[in-house]
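Work through the exercises below with the coordinates loaded. Try each task before reading its solution.

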Amino acid sequence: MKPAPFVYHRPATLEEAFDLLERYGPEGRILAGGQSLLPALNMRLATPAAVIDINRLPGLGAIRLAPEGLVIGALARQDAVERSPVMAQSAPLIAQAMPHVGHLATRTRGTFGGSLAQADPAAELPACVVALQATMRVARRAGTQEIPAAQFFRGIYTTALAPGEILIEVAVPPIAPGWRSVFDELARRHGDYALVGLAAHCRVSDGAVADARLVFTGVGLAPVRASRTEAVVSGRRLDPGVLAEAGRALEGDLDPPADVHASTALRRHLARALLTRVLTRLVGN
Amino acid sequence: MSEEARSAGARITEGESYIGKSVVRPQTARLLAGRGVFTDDIKLPRMTHVAFLRSSHAHARIVSIDAGAAKALPGVVAVIAGEEMARVCGGWVGTLAHFKGMKSAKQYPLAIGRATWQGEPVVAVVAESRAVAEDAVARIAVEWDPLPAVTDPETALDPSTPVIHPELGDNLAFELELTSGDVDRAFREADAVYSDTFWMGRHTGVTLEARTILADFDLSEQRLTVYHSFQAPNMMQDILARHLRIPEHNVRVITKDVGGSFGIKVHIYPDEMAACALAVMLGRPVKFVADRFESFLSDIHARDHRVKAEVAVKRDGTILGMKVDDLTGIGPYSVYPRTSAVEGNQTVRLTPCGYKFRDYAASLKVVLQNKTPMCQYRAVGHPIAFAVMEGMVDRVARELQLDPVEVRRKNYITRDMYPYTSPTGYFFERLSHEEALDRLLEISDYPALCAERDTLRSRGIYRGLGLCTFIELTTPGPAFYGVGGARISSQDGCTIKLEPTGKLICMTGVTEQGQGTDTMIAQVVATAMGVPLDDVRVLTGDTMVTPYGGGTWASRGAGIGGEAALLAGKALKENVLKVAAAILACEPMDLDLRRGRIVDAGTGEVRLDLGELGRIAYFRPDTLPKDFQPELAVTRHYVPRHQGFAFTNGIQLSHVEVDVDTGFVRLLKHWAVEDCGRIINPRLVDEQVRGAVVQGIGAALFEHCVYDEQGQLLTGTMGDYLVPMAAEMPEIVVDHVQTPTLFAEGGFKGAGEAGVAGAPGAVLNAVNDALAPFNARVTRQPITPDVILKALDKL
Amino acid sequence: MDTSLEISLTVNGVPVRRRVEPRLSLVDFLRYELELTGSHVGCEHGVCGACTVRVDGELVRGCLMLAVQADGCRVETIEGVAGTGEIFDLQQAFAEENALQCGACTPGLLLTAQEILRRNPRVDEAEIRRGLSGNYCRCTGYHAIVQAIRKAGAGRAGGTR
């Protein structure tokens, strides 16, 4: 299980990176943390002509509080994000999700931005940034543009990133008063990709869900926002009847794919169980 | 056993005995420092690497192979396909004569004309590096003509199903009908009859160190040296000699550190035979390291049984009789040389063996499939047999509203019934079901757990307790393979030599794969000799050096290798005392060897240091009487002759919580009580049991080789094939009953299978206990959320 | 086309300079170029943890990093970490608890255990198990490994738990 040969480049600046992306086009692959790309290379599922290692681009690893919110550099290691003291305060959803992202020795290397740009349909972080309505900052030669997280994830391993573009940072807006976050997932083993995961970010008022953002992972081609379900729960107290109604609404929100780990029916069922669990926790404390 | 032997046997447990002591394995020091030497760590001059083009189809005709581009790649040494390889290495047929009617087709190192499972090696590429070999494999163009794949055991024998090997006439590799007593009468006289169908998924060993072999052929001396991650080096030596037509004494197989085996590394694999043949063809060392893709597609798989079981019972829970119908789908070939019939055979023979009912009928069919070959993996047949038997016992208890503990007690073979021969022909010298059960109930505080379970149920928390009684086949004699014609040694030798400084070097035919074989052997030798443990160094796994033996599998290390070491140690001690008597001019019977020193047998007064004895014997024998020759190296052999196997027994208890919303199972705790006879090293036995329990839990809940209808493996990576990891595994409490065998002086039996034998049944029963309030029950492993939710009618 | 690159790094404190193919993984580089065979290769797709090493003090999977990426870095393997005495207590606890059988997973587990204890010597059993969730051991069933790490942790925390 050895990779096919490739050329390796390690640009020192974004400009150099743009040059290389232009030079190789679709034959060039960006290497960030490598925790998804390297297995694909080893298995020869990916056989790019060139690997463009952006790990040493300066200034992309910071985690900082800015006026527009919490800004997480694309090259911030997942482990650094997990351990960042500002995370629990400024992005508790991400703080809760982080321990589920792989394992200790993959989080030390895997990057925050890499996980997003990889857009694995079962990954935790894409669902989180969608639920938090984060902004993805994307650099290209012409300058930087911002893409709302909800528009960033387009399909399996597919994002809004155009050829020649690099995700450089993610801005998470400040948490408004009354908003609460719960992340949870159902995985057979700790650290596995989830059979289903739910990133919930909701405004809870007087024991009821006032505004809901419910984003599922592992049940679609990309993070799935459960808008029908959100509509059912919004503004209501979560008694068993509402939870049951929400579960039925979820049927219309999700069309999960089947794979060797779970059938469509199982994923639907688990999503519903997880929804009940997460909503109960959300209003419970 | 003679009175004399008994007293000598007793002596090893007294005084300076290391038997029963949890000494630390000295050999772990190198592994903890990164200084182990596994086969892939070895680098030889001019070494090459082989990679294989493997069939991407489960069943396909090979129309043509174009290797031109591969051969042209710089760094490629050779590209070899099936017919060319067959000229150097002839094929084999995996059958044994004592399995009457068994049949299989001839198998070659590389497929010829047709591939019969996804992953079968077709073309070998030898290159300067593994990466270049893989580059070349990617450049080989094979034209395939796909053929229908046989993938469902249930229809394998239907007339409409294609026959995988037309020369065999059908897809039936082996069948067996067993009957004992009058099973029809038992069913007529029963108050109730219960039947169930159990499915045990296909799984595999996933040794962390993948299969690895490095073969080096010296053309000038016609000598083949093979470094092999393997359990049975003498078996490999024999097979390489015969199939590569090299005199046996010119074939040397060396097993260095082995990174897990569990029965995976005891079979003949076509890719490994090809690597050795390539070394002969090329006159250069050839290394093959299976990558993880190759492991999943080519390591033997195991289980994959569908068992229909029916029990006939009295209202009080007495089991009167049982009928079992076992269907298992192996690969396209029975695996050489142990065959793929053993698991089915053991499944149907082991099933009734914990209990005293005599009316039993079993039917077994072993059918061919276009999937990875199946063969013996740890606890062959046991986990299937006892999941079925114990699943049925709990079914009886549930239906008749009886205590599962009492149903077991009522039906056990009791302590007054030994020696006992099972209705399936197995001989039990003495088992300890009742004692083991009592011990288990005590250490687990079973009644308290039951009470807690009942309390929590009313709060919507569903916990379950599952018992699984098992027996374990260990220490096999020649009836296992030898009588069937397989050249697999059932005896083992042990050589001990005294070095001039008084230290001992011990060589044994049993092998070390992490169990602690070398520590266990050293403990026996040090005890038998009367020397400090640190003075014994054990060497295993080198056919040029170590005494001929079977290696380590079927829990034979302690029962056979341990006994040979005991006999050798006693013999060398006798010789040492003769030398001491010659030096000290007294009688050997007046002397003893204790703590590495010659002492007066009566007073214990030190007479001579062992180093001084060595110095005189080796360098100054001129000072000894002229007619005296010191003999300071001895070899003794041992093969069990009094019973076919040394059966052991035990019981496990699993405590689980089932989330009835998600179907997820949380393992709360696990207990195992087993009886492997006299224990040499309690900690090593405990750890054998714990590791095996977790392998059994893997089978029960996680591990599954899933195929689609075309015979494509869908679980070919470690992301998709779920092995048990630390976060989900429970604390495991291990305890023992000790019933030494009296047929061997040491009293040792085996312990390697026990955990796997009982854990799947225990977990199955625990899950079913948790599901009892819903009147739901599962009989399919692995017990995934899907299986549980379907049983609960939620999917 | 020769795509190889020269890299220089320190491995277990020793400066190393080599030309390597870009596709060479860090663990293959350590094992086959430097003959530091204590780091093992178990799956080559980042699941089993057998190849775990340290790069600039951080735990990484040696199969999920290219050797060229370690250019300029400080790499430590089991040979180095064992050699300095840094994990002496863990090695001793592993031996005493028989927290290893075949030893294939052991180097990766020791390095992971060291990181778990470095972050918190008073770590509880559940945290240890989660911390080990990326390291596969087929032989032990993990129980003894957890006990050994607890034992070493208790020693480091001053014997109080």
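The model is predicted: local features need pLDDT of at least 70, side-chain atom pairs count only at pLDDT 80 or more, and totals for chains, interfaces and linings use all residues. Residues are numbered from 1 along each chain as its sequence is written, chains are lettered from A and ligands numbered from 1 in the order in which they are written, and side-chain values use heavy atoms, with hydrogens and water left out.

**Exercise 1. Describe the interface of domain 1 and domain 2 of chain A.**

Step 1: bounds. Chain A is assigned domain 1 (7-53), domain 2 (63-172) and domain 3 (179-284). Such bounds come from an automatic or database domain assignment.

Step 2: contact. Domain 1 of chain A brings 13 residues and domain 2 of chain A brings 16. Contact means heavy atoms within 4.5 Å. The C-alpha centres of these two domains are 19 Å apart.

Step 3: area. About 1,100 Å² is buried between domain 1 and domain 2 of chain A, with 61% from carbon and sulfur atoms. Buried area is the accessible area (Shrake-Rupley method, 1.4 Å probe) that two parts lose on being put together, summed over both.

Step 4: charges. The rule finds 3 salt bridges across this interface of domain 1 and domain 2 of chain A. The criterion is a side-chain nitrogen of Lys or Arg within 4 Å of a carboxyl oxygen of Asp or Glu.

**Exercise 2. Describe the contact of chain B with chain C.**

Step 1: residues. Chain B supplies 49 and chain C supplies 47.

Step 2: area. Chain B and chain C bury about 3,900 Å² between them, 57% of it from carbon and sulfur atoms. On the chain B side, B:Leu32, B:Leu208 and B:Ala726 lose the most area to chain C, together 19% of what that side buries.

Step 3: charges. Between chain B and chain C there are 6 salt bridges. B:Asp41 and C:Arg31 meet through their side chains in a salt bridge at 2.8 Å, N to O.

Step 4: elements. α18(B) gives the largest share of the side of chain B that touches chain C, 8 residues. Helices (H or I, at least four residues) and strands (E, at least two) are DSSP runs, numbered from the N terminus.

**Exercise 3. Which residues form a nonpolar patch on the surface of chain A?**

Step 1: members. They are A:Ile156, A:Tyr157 and A:Leu221, with about 320 Å² of accessible area together. Patch residues have over 30% relative accessible area and no salt bridge; nonpolar side chains (Val, Leu, Ile, Met, Phe, Trp, Tyr) are joined within 5 Å, like charges within 9 Å.

Step 2: location. A:Leu221 sits in the loop between β13 (208-217) and β14 (224-225) of chain A.
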